[in-house]
Amino acid sequence: LASELFGHVRGAFTSAEQSRVGKFELADGGALLLDEVANASRSLQAKLLRAVESGEFERVGDTQTRRSHVRLMVATNTPLEQQIARGLFSEQLYHRLNAVKVEIPPLRERVVDIPLLAQHFLRRCAAQHGRTISGVSPEVLSALVRNRWPGNVRELRNALEHGVILARETTIELDSLPRSIVQAWAAPRGLRRGLELLPLKEALREPERQYILQTLRAVRWNKQHAAKELRISRSTLYKKIKEYGLEPEPAVDGPLMSGAFGTLGRQGATSA
């Protein structure tokens, strides 16, 4: 990993047949994303701390100090505070990286994203496998929205790819999804052979409510702006607000909703 990040010189180790530039040098003047930073060894963490604080490092097997100015973003599925308490992660490095922290909720807590993500992965997987797939059935969408998704977005992508590969028609049906997802969807209803189909309108009710609520929060409950963002009329928005019983939260200081950049990892990401 040290060689990958900081490079090495020829002969630094057995397989180092030629010198190699590391990612920090390649990213000079730009940004570098490190996924699963919690897995870094303590020796690598010390090198990272120096690189973050001073921008200085040496290639493996070299004595020449090099410099690189990089905006570093890191992501992790394991809370770094827990790793610090267990003595597995440097507290100094944590505080140096923790300039801006973005918490990314698990997919099950943002079901409003599932239909859009499913549509995206469906198009991409269909093109990759040379299949003509126009969409998913209402019960498939219901199963996707109601699933717990312990594997988050990656699991959703794999489920759509599974459906694209096994689909017998141009629409993905329930029997084309992984069995675990179908069983999780059917179990609460006590379904057997004759599957009870959930209407599309009912399946999308909660995602629509959450999406409208997030939009209203983002524009501080300015209904004219919210209707424009949602691309619906104000009268339709008023009906939806009444239908879902949406009400503004008590006023607080600061922004109600902050932006976030895309990162890998479920628990969060930090930027320095």
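Does Arg 50 count as buried, partly exposed or exposed, and at what relative accessibility? Arg 50 counts as partly exposed, at 31% relative accessibility. Here buried means under 20% relative accessible area, exposed means over 50%, and partly exposed lies in between, computed with a 1.4 Å probe on protein chains only.

The structure is a predicted model, in which local features need pLDDT of at least 70, side-chain atom pairs count only at pLDDT 80 or more, and totals for chains, interfaces and linings use all residues. Residues are numbered from 1 along each chain as its sequence is written, and side-chain values use heavy atoms, with hydrogens and water left out.

**Salt bridges**

Side chains of opposite charge can pair when their charged atoms come close. The model holds 13 salt bridges, a salt bridge being a side-chain nitrogen of Lys or Arg within 4 Å of a carboxyl oxygen of Asp or Glu. The table lists some of them, including two that involve Arg 50.

| Pair | N to O distance |
|---|---|
| Glu 56 and Arg 50 | 3.6 Å |
| Glu 58 and Arg 50 | 2.7 Å |
| Lys 101 and Glu 81 | 3.0 Å |

The salt bridge between Lys 101 and Glu 81 links distant parts of the chain, since Lys 101 belongs to strand 5 (residues 100-102) and Glu 81 to helix 4 (residues 80-85), 20 residues apart. Helices (H or I, at least four residues) and strands (E, at least two) are DSSP runs, numbered from the N terminus. Lys 101 counts as partly exposed at 39% relative accessibility, and Glu 81 is likewise partly exposed, with a relative accessible area of 37%. Elsewhere, salt bridges with shared partners join Arg 50, Glu 56, Glu 58 and Arg 67 into one network.

**Positive phi angles**

Trp 149 has a phi near 50°, a positive value in a residue other than glycine. This tryptophan, Trp 149, lies in the loop between helix 7 (138-146) and helix 8 (152-166). Trp 149 is buried, with a relative accessible area of 0%.

Arg 231 also is not a glycine, yet its phi is positive, at about 60°. Arg 231 is placed in the loop between helix 12 (223-230) and helix 13 (234-244). At 78% relative accessibility, Arg 231 counts as exposed, whereas Trp 149 is buried.
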